[in-house]
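Here's a walk through one protein model, from the whole chain down to a few individual residues. Keep the viewer open and follow along.

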Amino acid sequence: MREFKIADQFYLDGQPFKILSGAIHYFRVHPDDWYHSLYNLKALGFNTVETYIPWNLHEAQPGKFCWEGQLDIERFLDLAQELGLYAIVRPSPFICAEWEFGGLPAWLLQANVRVRSSDVGYLRLVRNYYKELIPKLARHQLNHGGNILMFQIENEYGSYGEDKAYLKVLKMMMDEFGITSPYFTSDGPWQATLRAGSLIEEDILVTGNFGSKGTENFQMMQAFFDLHHKKWPLMCMEFWDGWFNRWGDSIIKRDPQELVDSVMEVIKQGSINLYMFHGGTNYGFMNGCSARGQRDLPQVTSYDYDAILDEAGNPTAKYHLLQKAMQAEFPDNFYAQPLVKQMGTYPAAQLNECVNLTATLDTLSQVHQSFYPCNMESLGQNTGYIYYQTELLRDKQDEEKIRVIDARDRMQLFMNQELVATQYQEEIGEEIMVTYPSEKVTLGLLVENMGRVNYGYKLTAPTQSKGIGRGVMVDLHFVGRWQMYPLPLEDVSKVDFQGAFKEGLPSFYRYTFHVDRLQDTFLDLRGFGKGVAFVNGHNLGRFWEKGPLRSLYVTQKWLKEGANEIVLFETEGKYKEQLVFSNTAIIDY
């Protein structure tokens with residue numbers, strides 16, 4: 001039986017072992033592309049792959065689990081093992097990862113629990129999840145013939161809380177369901193976070209997360225070890241080799257040679273996990289959001305991260321420079337030429353059909369009736385959009401004021417199918433002055449969940465409930481009798497393109513194009529406003545003219561030879577007669 005042990009060093013089968021790991025999130029990469037990414041990690045000279053586990057994908061609705069396709073974690077681990085890679089798995093309920101709600105399921109917001117704590121209601125829900133997840137991972141432990149070396153208990157908990165009872169229960173649950181391998185925690189490398197987030201009294205390995213100043217950060221970790229009389233190996237569990245991007249910000253890039261020098265500084269003193277090796281894509285509505293005071297700053301669809309591999313999984317300048325440095329430092333490691341996809345373009349996709357959202361609401365959604373408007377979560381909806389509608393009577397000949405109270409994150413207000421106002425979270429609640437065009441008017445509100453925060457104190461805030469909160473006020477009173485249409489947009493084949501279309505309104509657009517030879521590509525969204533794109537029914541993610549990313553990555557695995565279809569849901573009324581493709585990402589610098 002094989003053994004991985006943590007002592008003064010890492011030991012693999014009794015021999016000293018340096019972990020050279022790279023992060024690949026299986027849920028951000030098409031499963032048919034896993035081999036490409038994993039092979040390139042092995043070819044770099046590394047020996048281990050690391051991944052998170054996103055609770056909100058595996059249990060999107062309470063008690064309903066999915067482990068297939070892009071969520072087949074066991075297949076991912078098997079493939080890594082076949083390529084000779086060990087694995088580090090981080091199955092904690094919270095993952096951060098610039099991922100929607102940090103991986104926590106949105107339905108927790110309706111469960112009346114305190115997340116990331118020893119709240120018994122929360123731990124009961126975690127246990128239900130772990131009962132399904134942990135036995136699957138236990139089968140892949142090194143000492144069971146698999147390739148997993150160790151498991152994370154919680155993720156950067158020292159940057160959130162210090163509830164050690166919670167951490168201990170997580171470990172006990174993992175023990176109960178079959179984990180016998182070593183555990184670790186990962187936190188910022190300074191005293192406060194290491195003290196709050198670790199289980200050092202339980203002899204659980206402490207690792208650090210940082211992206212530069214390796215010597216300085218390892219010295220802080222070593223001081224913490226010395227304080228607690230621990231002789232442990234030093235490991236950076238997240239060495240940030242790039243960074244994520246937010247809508248409206250400048251693209252973030254890191255000098256390749258500086259990065260390689262910083263990586264080698266860490267490797268010479270300890271073990272490393274590159275975060276990210278291959279970032280991939282925040283498909284669907286899974287982008288996270290940064291919390292900044294009263295504003296939340298949603299992140300872009302691409303998770304390119306300026307990583308060692310680009311969004312498509314191809315080697316960057318960082319890859320080649322790092323491989324060269326590795327060969328000089330560790331000449332006996334396995335190295336190989338990386339796999340490279342040939343990116344391509346296709347003939348322009350032609351617009352065939354279009355329809356306004358309100359003309360196809362009844363085919364896309366089941367209406368819910370309530371006197372007061374309900375938020376998304378209370379209607380069983382996690383992500384996407386929701387449309388609210390009611391009728392108002394005119395009380396004045398001049399202007400009247402409307403206020404939307406507690407809507408998140410973005411709201412468009414329509415009167416008789418005409419756009420009146422658009423507000424974002426920091427503006428919602430301000431007065432909107434309107435003049436009624438008739439005695440009776442239809443008020444419509446389209447509200448978008450732009451992504452829940454993935455880090456920090458706002459995980460427990462009311463702001464993470466999406467849709468309309470307290471209600472809508474006309475004059476000085478709340479108005480009632482609402483129709484509500486949840487729009488998670490999980491099946492755009494239900495869009496009825498035979499309905500009415502008027503320019504300038506939220507609408508669906510259907511394009512078709514022909515493919516002779518399958519290649520990965522990028523969809524050019526310049527000329528469109530804001531929305532989400534689907535290729536052959538697969539949700540590619542959000543686009544927004546705000547930039548800096550103006551394209552969406554399209555894996556060839558979602559294309560087919562012959563006729564293909566793209567459906568856009570666009571909320572600003574901006575569209576083009578043709579959609580064009582690019583062999584590179586389109587970025588506003």
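## Ground rules

This is a predicted model, so to speak of local features a pLDDT of at least 70 is needed, side-chain atom pairs count only at pLDDT 80 or more, and totals for chains, interfaces and linings use all residues. Residues are numbered from 1 along each chain as its sequence is written, and side-chain values use heavy atoms, with hydrogens and water left out.

## The whole chain

Let's start with the inventory: ten helices and 31 strands. Helices here are DSSP runs of H or I with at least four residues, strands are runs of E with at least two, and both are numbered from the N terminus. The radius of gyration is 25 Å, close to the 25 Å that the globule rule gives for 589 residues, so the protein is as compact as a globular protein of that length. (That radius is taken over C-alpha atoms, and the rule is 2.2 Å times the number of residues to the power 0.38.) Along the principal axes, the C-alpha atoms fill a box of roughly 85 × 55 × 40 Å.

Of the 589 residues, 62% count as buried; buried means under 20% relative accessible area, exposed means over 50%, and partly exposed is in between, with a 1.4 Å probe and protein chains only. Among contacts with a separation of 6 or more, 80% come from residues 24 or more positions apart, a contact being heavy atoms within 4.5 Å. The accessible surface is about 22,300 Å², and 48% of it belongs to carbon and sulfur atoms (Shrake-Rupley method, 1.4 Å probe; for residues, only the protein chains shown count as cover). As for charges, the mean positions of the 56 positive and 74 negative ones are 2 Å apart. Lys and Arg count as positive and Asp and Glu as negative, leaving out His and the chain ends; each charge is placed at NZ of Lys, CZ of Arg, CG of Asp or CD of Glu.

## Two annotated spans

An unreviewed UniProt entry places "domain: Glycoside hydrolase 35 catalytic" at residues 9-327. Over that span the chain is 32% helix and 19% strand, with its end C-alpha atoms 23 Å apart.

The UniProt record, again unreviewed, puts "domain: Beta-galactosidase galactose-binding" at residues 506-564. Residues 506-564 are 0% helix and 56% strand, and the end C-alpha atoms lie 23 Å apart. UniProt positions are given in the numbering used here, feature names are shortened, and annotations may be inferred rather than shown by experiment.

## A wrapped-up helix

Have a look at α1, residues 34-44: ten of its eleven residues are buried, so the helix is largely enclosed by the rest of the structure. Among the buried ones are Trp-34, His-36, Tyr-39 and Lys-42. Their cover includes β4 (20-24), β5 (48-52), α3 (73-82), β11 (271-278) and α9 (317-329).

## Two buried residues

Glu-100 sits in the loop between β6 (86-90) and α4 (120-138), and it is buried, at 2% relative accessible area. Leaving aside residues up to four places away in sequence, Glu-100 touches Asn-56, Phe-285, Met-286, Asn-287, Gly-288, Asn-382, Thr-383, Asn-449, Gly-451 and Arg-452. Glu-100 and Asn-282 are 182 residues apart in sequence, yet 9.0 Å apart in space, C-alpha to C-alpha.

Thr-185 belongs to strand β8 (residues 183-187) and is buried too, with a relative accessible area of 1%. With residues up to four places away again set aside, its partners include Ile-153, Gly-197, Leu-205 and Thr-207.

Most residues other than glycine have a negative phi, and most peptide bonds are trans. Ala-97, a residue other than glycine, has a positive phi near 60°; Ala-97 lies in the loop between β6 and α4 and counts as buried at 1% relative accessibility. Lys-213 isn't a glycine either, but has a positive phi of about 50°. Its loop runs between β9 (205-210) and α7 (214-227), and at 54% relative accessibility Lys-213 counts as exposed.

Now for the cis bonds. The peptide bond from Tyr-275 to Met-276 is cis, with omega near 0°, and Met-276 lies in strand β11. From Gly-547 to Pro-548 the bond is also cis, with omega near 10°; Pro-548 is in the loop between β28 (538-544) and β29 (551-554).
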